[in-house]
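Colleague: I am new to this one and would like to go through its aromatic rings. Please show it to me first.

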Amino acid sequence: MTKSVRFGTYVEFQCPPGHDHSALIEDVIALGLHADQTGFHVFTTLEHPFYEQFAINPNPLAVFTHLAARTENLRFRALCHTLPLHNPMVLAGEIAMVDILTGGRIECGVGRGHPWLCGPADVPMEESMGRYVESLEILQKAWTEERFSYAGKYFNVKDVSVVPKPVQKPYPKVYQVGTSAKWFTMAAQKEWGIVVGGPAPSIAFKDAVNVYRDACASAGTTPSVGFIKAIYLHEDEAAAHAEAREAAVNFVRYNVAPQLTIMPSNDAERERLIDAGYKFYTMDYMPSIGRMEYDELIENDIVCVGTPDSVGAKLEELYRDFQYDEMIIISHYGGLKREQAMRTQQLFAEHLMPRLQTR
């Protein structure tokens, strides 16, 4: 049985220190327009305030609305809306509004988010799990019920009507991010998609994807697996590595930088993170990746750099391991110039979309 792989782009709005914010945002908009022109299916980004190197995008819905007015085919997906930071009754209406403004081209990625966002947002990290669960329930009610009531620990509303309602029925497709078996099992049961990948060896996501596929089989639902991979393409192999070297190292170090601000310095801090369900962030796994040099990042396929032929072989191997339904590339990261990222997108569209399209 053959299937058609979809293609997307993902951008974190990584901002090197001292870089002009407006110029970076203009670069991302230009790349979004280019993605639409070259045949990508979806433009994805994350919602992430406070930490400049990691991202300068607190409002992906504004980005999507702007791009939708200038594009024809792209769909738009946040990866993710960090639900514990939001009032879900308000967010539900905001997403529905953008669904209308984009002509039904919005999708909804959801996640609990990183613990380092809790402090600056004045949300106790101990509340993030409960807020996430309640927010998921409220979003679905808000989109599908004319009026609803909800009695929870963090949100209590009576006879509320959230308007407008989304164009897409019953609501825009939802994608769960992360690696949690609990949330991926729920996603499978609800026939939601999942998206994995990022600045880590691909094998790190294998168990989570297997859990999701097994849960889909048990629930009788159709899986949808997106895989994010940072790449850099050039017609010449040596030039690709020379040009990507600094940006690839920056990519992982910018991703790791916020975690270094919350690494526990004593047992009490460690236990607080663990009790809040953030044990992963007490470990040295991501900081150790952040200490890798360029050759190690390439050897571990954390960033794929080279010609369309050499990178294509790696993405085909990734498909054999994960059977992804979407390949979502990161072309803009770590201080790369707009024209460099645009060349990667162009070469991907010309050479790798046809190569990976039908599996």
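Colleague: Which ring does the charged end of Lys-173 sit over?

Modeller: This is a predicted model, and in it the charged end of Lys-173 sits over the ring of Tyr-175, 5.4 Å from its centre.

Colleague: How many aromatic pairs does the structure hold?

Modeller: There are 17 aromatic pairs. One of them joins Phe-43 and Phe-64, at 6.3 Å centre to centre and 85 degrees between the planes.

Colleague: Why is the pair of Phe-43 and Phe-64 called edge-to-face?

Modeller: Centres have to lie within 6.5 Å and planes over 60 degrees apart, so 6.3 Å and 85 degrees give an edge-to-face pair.

Colleague: What makes Phe-43 and Phe-64 a tie between parts of the chain?

Modeller: Phe-43 belongs to strand 2 and Phe-64 to helix 2, so the pair ties together parts 21 residues apart in sequence.

Colleague: Is Phe-43 buried or exposed?

Modeller: Buried means under 20% relative accessible area, so Phe-43 at 2% is buried. Phe-64, at 0%, counts as buried too.

Colleague: Why is the pair of Phe-205 and Phe-227 edge-to-face?

Modeller: The ring centres of Phe-205 and Phe-227 are 5.9 Å apart and the planes stand at 85 degrees, so the pair is edge-to-face. Phe-205 is in the loop between strand 8 and helix 6, while Phe-227 is in strand 9, 22 residues apart. Both Phe-205 and Phe-227 are buried.

Notes
Residues numbered from 1 in each chain as written. Predicted model: local features only at pLDDT ≥ 70, side-chain atom pairs only at ≥ 80, totals over all residues. Heavy atoms only, no water. Phe/Tyr/Trp six-rings, centres within 6.5 Å; stacked < 30°, edge-to-face > 60°. Helix = DSSP H or I, 4+ residues; strand = E, 2+ residues; numbered from the N terminus. Buried < 20%, exposed > 50% of the residue type's maximum accessible area, 1.4 Å probe, protein only. Lys NZ or Arg CZ within 6 Å of the ring centre and 35° of its normal.
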